[in-house]
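Me: Please take me through the structure below, setting each term against its criterion before drawing a conclusion.
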Amino acid sequence: MESSINMESIVVFCGSSEGNDPEIVECAYELGAIFAKEGITLVYGAAKIGIMGRLAQGALDHKGRVIGVIPDFLKLKEVFHNGLTKLIITENMHQRKLRMHDLSDGIITLPGGYGTMEELFEMITWAQLGLHQKPIGLLNINGFYDELLAMLRTMVTKGFLKQEYYDILLVDNSIDGLLHKMKNYQPLPLPIWIKKDQL
């Protein structure tokens, strides 16, 4: 029997550019709309441009709750969204990630560039170390992450990544499919060397 994880808020990592695939842009907006309809608070990087902006607008257009978190030095570069439910300004990038993590019950990554990858892999690494047990989802729109997933499988076959840690990352090409996997995620047991105050 599957147990369901209650996800009242989800942090979404994604690009501050729109890229050149309109289906990715449409899917980001749809994800925001679905969050609003399901009563899930969106936590994201606060920008009004790129995939980030479309994601937030999808939630806001459907009366959803949206929390943006941005470091002070990026407020101009990423052109923060001034219509958010709440805007949180941090001193630096690390504080931004910590705050986003603390505010969320789950993590989703959409297409993006270096920054998006860095955020995703830090969350996976924290899960691997047992620092959190939140479901981590990768929305593989139009096969955007096919090559990345192939690289991760190479890490497994070459002995650099255990299969159980590969399986931490939940992957789907549809929003409904990914949310279903996240809600029914069974986290790995915490390592015996992890203490409660380290979580």
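Reply: Two strands pair if DSSP finds at least two bridges between them, and helices (H or I, at least four residues) and strands (E, at least two) are DSSP runs numbered from the N terminus. This is a predicted model, in which local features need pLDDT of at least 70 and side-chain atom pairs count only at pLDDT 80 or more, while totals for chains, interfaces and linings use all residues. Residues are numbered from 1 along each chain as its sequence is written, and side-chain values use heavy atoms, with hydrogens and water left out.

Me: What is the strand order of the open sheet, and how are its strands paired?
Reply: The open sheet has 7 strands in the order S4-S3-S2-S1-S5-S6-S7, with parallel pairing. Strand S4 (86–90) and strand S7 (169–172) are the edge strands, since each pairs on one side only. Neighbouring strands are turned by 25° against each other on average, direction ignored; the axes behind such angles are lines fitted to C-alpha atoms, for helices over the stretch in contact, and the angles run from 0 to 180 degrees between N-to-C directions.

Me: What makes S1 and S5 a pair?
Reply: Strand S1 (residues 9–13) and strand S5 (residues 106–109) share 4 bridges in the parallel sense, and the criterion asks for at least two, so they count as paired. Within this region, Phe13 stands opposite Thr109 in S5.

Me: Which helices lie on the sheet, and at what angles?
Reply: Helix H1 (residues 22–38) lies across S1, strand S2 (41–44), S5 and strand S6 (136–139), and runs at about 170° to S1. Helix H7 (residues 175–183) packs on the sheet and touches S1, S5, S6 and S7, its direction making about 155° with that of S7. Contact here means heavy atoms within 4.5 Å.

Me: Why are Phe144 and Tyr145 called an edge-to-face pair?
Reply: Rings of Phe, Tyr and Trp (its six-membered ring) pair if their centres lie within 6.5 Å; planes under 30 degrees apart count as stacked, over 60 as edge-to-face and the rest as tilted. The centres of Phe144 and Tyr145 lie 4.8 Å apart with 85° between the planes, so the pair is edge-to-face. A search of the whole structure finds 1 aromatic pair.

Me: Why is Phe144 called partly exposed, and why is Tyr145 called buried?
Reply: Buried means under 20% relative accessible area, exposed over 50%, and partly exposed in between (1.4 Å probe, protein chains only). Phe144 has 37% relative accessibility and is therefore partly exposed, whereas Tyr145 has 2% and is therefore buried.

Me: How do you know that the span of H4 is close to the expected one?
Reply: The expected span of a helix is 1.5 Å times one less than its number of residues. Helix H4 (residues 114–128) has 15 residues and reaches 21 Å from its first C-alpha to its last, close to the 21 Å expected. Its buried residues include Thr116, Leu120, Ile124 and Trp126; among the elements covering the buried residues of H4 are S1, S5, S6 and helix H5 (146–157). H4 is followed by Gly130, whose phi is positive, near 85°.

Me: Why is Leu110 called buried, and what is in contact with it?
Reply: Leu110 has 0% relative accessibility, so it counts as buried. It is found in the loop between S5 and H4. Leaving aside neighbours within four places in sequence, the contacts of Leu110 include Val12, Phe13, Leu55, Thr116 and Tyr145.

Me: What makes a set of residues a nonpolar core, and which residues have the most contacts inside the largest one?
Reply: A nonpolar core is a set of buried Ala, Val, Leu, Ile, Met, Phe, Trp, Tyr and Cys residues joined through side-chain atoms within 4.5 Å. The largest has 61 residues, and those with the most contacts inside it are Val12, Phe35, Leu55, Ile108, Leu110 and Ile136. The largest share of this core, 7 residues, comes from H1.

Me: Where is Asn142 found, and why is it called partly exposed?
Reply: Asn142 is found in the loop between S6 and H5, and its phi is also positive, near 55°. Its relative accessible area is 49%, so Asn142 is partly exposed.
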